[in-house]
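Hello,

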Amino acid sequence: MPIVLTLTGHLNPPERLARDEVRDWLSRAAVWFEGVGDVVLDARVVRDGEDRPVLLVLLHPAAPAAEVRLGAGGKVRVTAVTTPAGPGYHIHLCGLLRRLAAEFQFAWPLDDCTDPTNYFQSRDRERCEQAFLRWLADACAAGATSPGLPPNHGYSHPGEVLTPLGPRTRAWRDQVAAAPARGREFFPWWAPDLDPAFYRDRALVRLWCDFPWRPPLSEEEGELADQIANDLASAFKLDPGAELPWAEWLELLTAIRGDEDGYCVTPDDAGLSIELWKHLGPLPAPAKERIGYRRYAVRVQLDGGWSVEVPGELLRERNHDRTWTAWDGTRTVWFQALRFTKKDGAQPTAAETAEVGRKSLPEGEPLPPLDRDGLRGEAVFGVVEEDGRRLWRLSGVTGAPGELAVCNVYVGSETDRDWAVHTWLSLRHA
């Protein structure tokens, strides 16, 4: 089970708060979080599944954003999963939330707070660290193959045990299960201080898990590249002698320089690049594992129980019309899930849903049909004109019982046909 910090406080307003007053308070809290320094990566007010405002505060990419909610009666509630970021995150967040309460003039009564490490009540750092080590040891003893990563991360990296800071071996997992103290380096935020290790490891988590290893294609990707570059620069400034991912840092700066649409704000620093080359050395670095799970294919969870495998470097987006798109400069994968029932309310078979989809296929060269794992599908391949460009498109439909997946794959060259077919055939249904 993850370590979850839950705090409850009360504003005691003179009367019940209207929804716009709740949102206004959360917005002011977001501004406060953004102003505490570069430890906060993002703070924004969104709406949850029940259309209620919630403030999401992200301090570290290894842990989900902390949730701050405010009820109409003035109850403030914070929920934060602090694993697997580490005890440093847990301790730092506790201090930040105490500052929030002081700034907005309310308190966190200890009787209304739940902290599995007991740090918020006792401020016992050693006890907090031991709680995190036990959590990791339990995960390792249970045979976890990706401790600390989301359940549906989809990474296809060949490592035996995948972690936020890179792959480990099964032998490492067994050692940590037997001796929890061996797992300290698993956590990217061990000490609560914002020291060189904090900035280095926060950058490493994003290089391993998030960075697509190409120039950014959106504002969000530009912000990601800037934040990684800033963290590496901070680590280097605080400790010029620290060991940093020099080759990957150069690769990151090359991607930023390739940003033709202005998504990044990191300046082009030729002097820094020269300094990085000095650390890397004049000769090729010894063969070693290249950082980045997204250098490999990623299986992405889609709507309706579907999933598809796409290259890790593709930008992935969910649109308001319930479609999903993954793309780069030359390739695009488009997906939509549809649900069917018969007139009598019965569930159609995979073959029946595929037949419904087949009628919508455009003209093109028929491809070999799909028939495996209870799925049925058909696809065609041909030339199309899109925005004045000549492209090749695979149009495919895949049926499962009661479900139909519509998947179009666009490529800029006919030589990418095999890749388009592979992508369509990678569709799975749970």
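Let me start with the aromatic side chains: F132, W135, W172, F186, F187 and W190 are linked into a cluster by ring pairs, where rings of Phe, Tyr and Trp (its six-membered ring) pair if their centres lie within 6.5 Å, and planes under 30 degrees apart count as stacked, over 60 as edge-to-face and the rest as tilted. Please keep in mind that this is a predicted model, in which local features need pLDDT of at least 70 and side-chain atom pairs count only at pLDDT 80 or more, while totals for chains, interfaces and linings use all residues. Residues are numbered from 1 along each chain as its sequence is written, and side-chain values use heavy atoms, with hydrogens and water left out.

By the ring rule, the count comes to 19 aromatic pairs. In one of them, F198 and Y199 have ring centres 4.9 Å apart and planes at 70°, so this pair is edge-to-face. Both F198 and Y199 are buried, a word that means under 20% relative accessible area, with exposed being over 50% and partly exposed in between (1.4 Å probe, protein chains only).

Charges also sit over rings, which requires NZ of Lys or CZ of Arg within 6 Å of the ring centre and within 35 degrees of the ring normal. R98 lies over the face of F120, at 4.0 Å from the ring centre, and R295 lies over the face of W213, at 3.8 Å.

As for the cysteines, the count of disulfides (pairs of cysteine sulfur atoms within 2.5 Å) is 0. For C94, the nearest cysteine sulfur is that of C128, 7.2 Å away. C94 has a relative accessibility of 1% and therefore counts as buried, and C407 is buried with a relative accessible area of 1%.

Best wishes
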